[in-house]
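Colleague: I would like to learn how to read the features of a structure such as this one. Please take me through it by question and reply.

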Amino acid sequence: MRIRVLASIIMMVVIGTAGLHASVFPKIPDVILGINQPGPSGIPTDIEQSKSPWRLTDADIALFKGIGVNTIRIPVYPTNIGLDGTKLTWKRGDKFDAAEADKWTVDWSLLDATLDQFQRNGITPYICPHPYPLANWMTIYIPEDADRCLWFTSLIVKHVSAKYGNNVIYGWYENIWKNSMEPWYSGVYRYTLSSMFPAEWHRMLKNMYKGKIKSLNLAWNTHYKSFDEAPVWDLGTIRGIPADAYNNRRTYDLRTAIDLLSRERLLSWRTRLKQIAPGAMWAGACLHDGFDGYYDAQTGNPPACNWGIRTHAITSDVLAADNYQYPQKMLTAYRTIAKIAASEKKSYMAVEINGQSPAAFEAMMSASGSIRGALVWCGKEDAFGLIKTDDSTNKASLDAVKKLFTHLKDRKPEQTRYIPGTVYVYFPEETYRSAVLKSSHLDAYDHVCDTLSPSVFEPVFTSELLKLPGDAPIYVLEKYLPTKAIKAINQLGSRIICPYSYFVDENGRRIERSYVPKDFYADLQKSKYGAELLDAFMRVEEKEFNAAYKDEGAKAFTTSEFKSENEINPGALYNPMDLIDGDPVASRIVFADKLQDEYIDVELPVSKLVYGAFMETAFEDAGRRLANVTIRVSDDGKSWQDVYTTSAIKSDRIHIRFKPMMARFVRFDLGQSTDAIGTRLMEIGVLGR
C-alpha cells in the first residue's frame, strides 16, 4: 500500500513538473520576424519613471501579425518586477550578495500580464533582463557587474521557464555588452572603479601566457617576478589617450584579456541557461551598430573596451546585432557579421532596425546569407518607430517591413547559407578587437562593403590568408596588423594589393614588406574590381596623409553662419573644428538656412607641400546639393590662389587632387547658398607631405 501511495505521489510530482515546463508559447520560429517593444512599464525615453505606461494592445499585435511578426522583444528592468533598482547598483569595493538578494520580494504581475498577452496572440517572447536603469551601461567582464547581471537574468529565466516553459528567446540590450560608451557619460572606464577587476586581469593574463612569467617579461620587456605585479594599463579617457597605449603589447593584452574574461562569463552563463531552460534560445547581447565598437582613436576616442563579434558568436545560439547606420552603410555589418557567425556555424539576426527606414530593409534583403531573422524598432516615438507618438502608424514603413519579412520567410535553401565571394578583402579582427589604434581604415572598409555586392565581396580573416584558392588578389587596407598576418602576407608577395611598403605589428614594430609595389594604383587598376575599389583606397590615402587633424594642431574656422540648433548635440553650438576631428560620422556642421557665402578655412600647424583635399557632405540628408566646390590656398590667410574647382558632384565623398604647392591655409569654398538651404558637412581634410 505504501509503495502504491508513494508511486502515486511520484507520478503526481512528475506530471506537475512536466506541466510547469510544457511551453505555452509557439516553438521558436525558424525565421524570427519581430518588433522591439519598449517594455512592460513605459515608453523608450522614460522606462523607469513612466506614470502612464504604454503597451501594445491586442489590436496592435494583430496589425503586426498581419505583416508577418511572430516575435516581440522586450526589456525587463528591476522596477518591472517590483524591485528597487538601486539595490543592484554598485560603487567602488561593493560586492554583490546573491544569497541576500534571493530573499527579496518579487512582483511578477506586470511581466506575467505581458507574457499572457503574447500567449493569447501566439507570439514568441524575446526577453532582455536588465538589472540597471536604462541610462546605465554594464560590463560583463567586471565581476561586480557580472554578478548582478547574471543573478537578475537567472531570476527572470527561472520564473518564466517554470510558468511558461522554454519556447522563449533570451538576450540583452546593448547596455550590457561593454563599457565602450561609458567614458562619454562619466569620463572613465568602469573597470577603473572595480576593486575585483585587477585579480581577474592577473588570472587571465597568467592563462594567456600559460603561467610563464618569462614569456610575459619577454613580450613586455619587463622584469616582473609574478603576474600579480602587472598593472592595469591606462587606456585613456574622453580627455585623451596616453601615447604609450597605441600599438603596445601591454594594452593589446589588456583588451585581449577583457574579451576572454567576457567569453568565460558568457559560456558559463549559457551553460546555466540551458540547465534552467533547455529549449530556450540565447541571443546574447546585441552588438551595437557596425562592428561592436571597433573604432580607432581618431574616429572614436577613447578606444572601445569590448568583447568582440567572435566572442558573441562563440557564446550565443545566434549572433544578434542592431543597426541604425545610414542604409548605404548597412551591408558592411550584414556581410561581415554574417561571415563571422557562419564561421562559428551560427546565423545572424538583426535585432534592431530603424522602423522608419525602408532603405534599410532593402539593404538587408540584398545581403541574404545566413540571416536567421530581423526585428524592427516599434516604439511609440517618431524617430525610429512604426507607431508614432500620435498613435498613427507609418504605412510606408509597414509595407516595407512586410516585404522584408516575406523575403526572409520565402528564401530558398541556398539563400539561407553563407556562400563565399570571390573578391578578397582582409579583415584583421584581432587588431580591431585588441589593439589601441591611432588610426584604422574601417571607414574605407565600409565603402568596400557597400561598393561590392554581397555575392562578390568576401571578408578574409588572418587564419584564411594562406588557404585562399587560386591566385586571386587580396586587398589589404590596414597598416597595423597582427604579426602572424604580416608573416602570411609576406609569403603571398604580389597577390597582396596594398599601398604600404611596411606594416606595424601589435608591438609597434615596423616590418618591411617582401614585395613593394612600384606603382600601387597601377596594380590596383589592373586587378579585378580595382576600379570599384579605387575610391576606398583613396580614403586610405586621405587618412594616412591628412595634414589637417585637430589633435595635431590644425585649426578650422569661418565667418559663415551656422544653424542655431545642433541636431546631433542639442544645446551645443556647431563648431568647424569638429570637421577636422577625424570623425566622419558623429560630428558635423550645418550652415544656416539663409542666403550667404559658405566656406571653411583650414590653418595647418606649419606650411606644407599640399597636393589635394577631400570632404564628406551629408549628401543623403536634407540640405543643399552642392553644384561645385573651389579649393584655394594661401601662405598668410589673406592672399588666395584658386587651385581646383569641382563640378558635377554626385556623391557624398569629394576627392580633389591638384598640383603640389607650399601652403599653410586651405579654403573650402562651397559658393553661395542661393536657395537659402544650408549645406551639411561631415568631414574635411588636406593632403600634404
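Colleague: Does N247 count as buried or exposed?

Modeller: N247 counts as buried, because its relative accessibility is 13%; buried means under 20% relative accessible area, exposed over 50%, and partly exposed in between, with a 1.4 Å probe and protein chains only. This is a predicted model, in which local features need pLDDT of at least 70, side-chain atom pairs count only at pLDDT 80 or more, and totals for chains, interfaces and linings use all residues. Residues are numbered from 1 along each chain as its sequence is written, and side-chain values use heavy atoms, with hydrogens and water left out.

Colleague: How many helices and strands does the protein have, and what share of its residues is buried?

Modeller: The protein has 18 helices and 21 strands. Of its 689 residues, 58% are buried. The accessible surface, from the Shrake-Rupley method with a 1.4 Å probe, comes to about 28,300 Å², and 54% of that belongs to carbon and sulfur atoms. Contact means heavy atoms within 4.5 Å. Among contacts with a separation of 6 or more, 76% are between residues 24 or more positions apart.

Colleague: Which residues have the most contacts inside the largest nonpolar core?

Modeller: In soluble globular proteins, nonpolar side chains tend to be buried together. A nonpolar core is a set of buried Ala, Val, Leu, Ile, Met, Phe, Trp, Tyr and Cys residues joined through side-chain atoms within 4.5 Å. The largest one here has 151 residues, and F64 and Y348 have the most contacts inside it. Helix α5 (residues 143-164) gives the most to this core, with 10 residues. A second, separate core has 35 residues, including I589, A663, V666 and L670. Leaving aside neighbours within four places in sequence, the contacts of Y348 include V318, L319, Y334, I337 and R372.

Colleague: At what angle do the axes of α15 and α18 cross?

Modeller: Two packed helices are described by the angle between their axes and the distance between the axes. Axes are lines fitted to C-alpha atoms, for helices over the stretch in contact, and angles run from 0 to 180 degrees between N-to-C directions. The axes of α15 (residues 442-451) and α18 (residues 530-544) cross at roughly 175° and come within 9 Å. That makes α15 roughly antiparallel to α18; the label applies over 145 degrees, while angles under 35 count as roughly parallel. D443, A444, H447, V448 and T451 in α15 meet residues of α18 including E532, L533, R539 and K543. The contact has five nonpolar, two polar and five charged residues. Here Ala, Val, Leu, Ile, Met, Phe, Trp, Tyr, Cys and Pro count as nonpolar, Asp, Glu, Lys and Arg as charged, and the others, Gly among them, as polar.

Colleague: How do the axes of α12 and α13 cross?

Modeller: The axes of α12 (residues 358-367) and α13 (residues 395-409) cross at roughly 10° and come within 9 Å. The two helices are therefore roughly parallel to each other. P358, F361, M364 and M365 of α12 make the contact with residues of α13, including A400, L404 and H407. By class, the contact has seven nonpolar, two polar and one charged.

Colleague: What do the buried residues of α16 pack against?

Modeller: An α-helix has 3.6 residues a turn, so residues three or four places apart point the same way. In α16 (residues 483-492), the buried residues are T483, A485, I486, A488, I489 and L492. They pack against β9 (423-426), β11 (474-475), β12 (496-497), β13 (502-504) and β14 (510-512). Just after α16, G493 takes a positive phi of about 55°.

Colleague: Where is P473, and which residues does P473 contact?

Modeller: P473 is in the loop between β10 (457-460) and β11, and counts as partly exposed at 22% relative accessibility. Leaving aside neighbours within four places in sequence, P473 is in contact with Y424, R495, I497 and S527.

Methods:
Helix = DSSP H or I, 4+ residues; strand = E, 2+ residues; numbered from the N terminus. Parallel < 35°, antiparallel > 145°, perpendicular 65-115°, else oblique.
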